[in-house]
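Subject: Structure handover

Hi,

Here is the structure for your files. My notes follow below it.

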Amino acid sequence: MRLLGIETSCDETAAAIVRRDGDGRGTILANVVRSQLAEHAPYGGVVPELAARAHVGHLDAIIARAAAEAEIGLGDLDGIAATAGPGLIGGVLVGLTTAKALAAALGKPLIGVNHLEAHALTARLTDGIGFPYLLLLVSGGHSQFVLVDGVGAYQRWGTTLDDALGEAFDKVAKLLDLGAPGGPAVERQARAGDPARFRLPRPLLRQEGLDFSFSGLKTAVRLAAEAIAPLTAQDVADICASFQAAVTEIVTVRAAAALARFREARPEAPPILVVAGGVAANQAIGAGLQQVVAQQGARLVVPPIPLCTDNGAMVAWAGAERLALGQSDGFALAARARWPLDSADMRRRDAA
Ligand code: KG4
Ligand code: ZN
């Protein structure tokens, strides 16, 4: 089956066409992403109203380009999938409404995809892994550990109590005037810095559990910077290196505990840790996670970075996984700003 996937929940306008074969293997036929970075840059963050307007302005052309690159007509599709939440509601509405119109006009099934589920299932498209596995989702909007037992079978084991990890990178970059996106800028600076110069806090790390907290760390970075202002280039590099060392330690300690819990909960399953979300691009965090899995005899799966950040292929794939199980949605499906992965209606959704 071939599906169109539409992603408009944040600042990427994206459409992709993915094929899922009967044996469960997936192939990306086209994957078109248009970032709105330039539109939002003057404001220092994503402006929801601007994002929604940009999605309206570009989505049709991006869908047409995806179809052209995949060399198929929209009439050849077996289903239309779009992110139905969680995300910025204006943008989600643009993508979901477009998907409904296409599904109605073409007479194809509609699948409303949970954006977090799309991130969670991507490793099955890229690496063909089976269930269950442990997911660490670290993006600009989310920082979660999720037990993935199957399509729709998710248990959230930990989440951030305040800022997401990518958001913390972005805020540190902003306060050091490093520009957007912040994560790559901080990582670049950190390479030339001394990670031991500033002793920054590791919030929550002495406590049990799998939750994160990053806002106190961000404040500690601000205070450290203010105490030595004006900053030299070396100061900036040292602050970035110290910050990255702190978050790497937090994430790896938590990942080790999460993996141990996975092995206890699913003793018969091969232990697999999947990382998704834009922060998966960070090499220091990646190296830390590699050590954790090596120590525990587990496997680390990180999809290619363009598929870790927001894209349409992950939405098309999640739609295909749902459709293969006979699930689709009615046209009454609503766009949602909030939609936790472990909510009751994630288990099974059938066309009304
Ligand atoms: O998944 P994503 O593209 O968008 C969503 O938030 O859904 O993730 C973007 C986030 C941003 O906060 C960005 O700063 C962060 O991922 N990021 C990084 C790196 N590359 C992107 N954070 C740390 N190190 C990186 N190399
Ligand atoms: Zn995302």
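In which sense do strand 1 and strand 2 pair, and over how many bridges? Strand 1 (residues 2-7) and strand 2 (residues 12-20) pair in the antiparallel sense, over six bridges. Helices (H or I, at least four residues) and strands (E, at least two) are DSSP runs, numbered from the N terminus. Two strands pair if DSSP finds at least two bridges between them. Arg2 has Arg19 in strand 2 as its bridge partner.

Ground rules first. This is a predicted model, where local features need pLDDT of at least 70, side-chain atom pairs count only at pLDDT 80 or more, and totals for chains, interfaces and linings use all residues. Residues are numbered from 1 along each chain as its sequence is written, chains are lettered from A and ligands numbered from 1 in the order in which they are written, and side-chain values use heavy atoms, with hydrogens and water left out.

The open sheet has five strands in the order 3-2-1-4-5, with mixed pairing. Strand 3 (26-35) and strand 5 (110-114) each have a single partner strand, so one side of each lacks a neighbour in the sheet. Neighbouring strands are turned by 20° against each other on average, direction ignored. Helix 2 (residues 48-70) packs on the sheet and touches strand 1, strand 2 and strand 3. Its direction makes about 30° with that of strand 2. Contact means heavy atoms within 4.5 Å. Axes are lines fitted to C-alpha atoms, for helices over the stretch in contact, and angles run from 0 to 180 degrees between N-to-C directions.

**Helix crossing**
The axes of helix 6 (residues 182-190) and helix 8 come within 7 Å and cross at roughly 110°. That makes helix 6 roughly perpendicular (65 to 115 degrees) to helix 8. Val186, Glu187, Gln189 and Ala190 in helix 6 meet residues of helix 8, including Val236, Cys240 and Phe243.

**Backbone**
Most residues other than glycine have a negative phi, and most peptide bonds are trans. Here are the exceptions to check. Gly85 to Pro86 is cis, with omega near -10°. Pro86 is in the loop between strand 4 and helix 3 (89-106). Ala229 to Pro230 is also cis, with omega near 0°. Pro230 is in the loop between helix 7 (215-227) and helix 8. Glu71 is not a glycine, yet has a positive phi of about 60°. Glu71 is in the loop between helix 2 and strand 4.

Best regards

Methods:
Angles under 35 degrees count as roughly parallel, over 145 as roughly antiparallel, 65 to 115 as roughly perpendicular and the rest as oblique.
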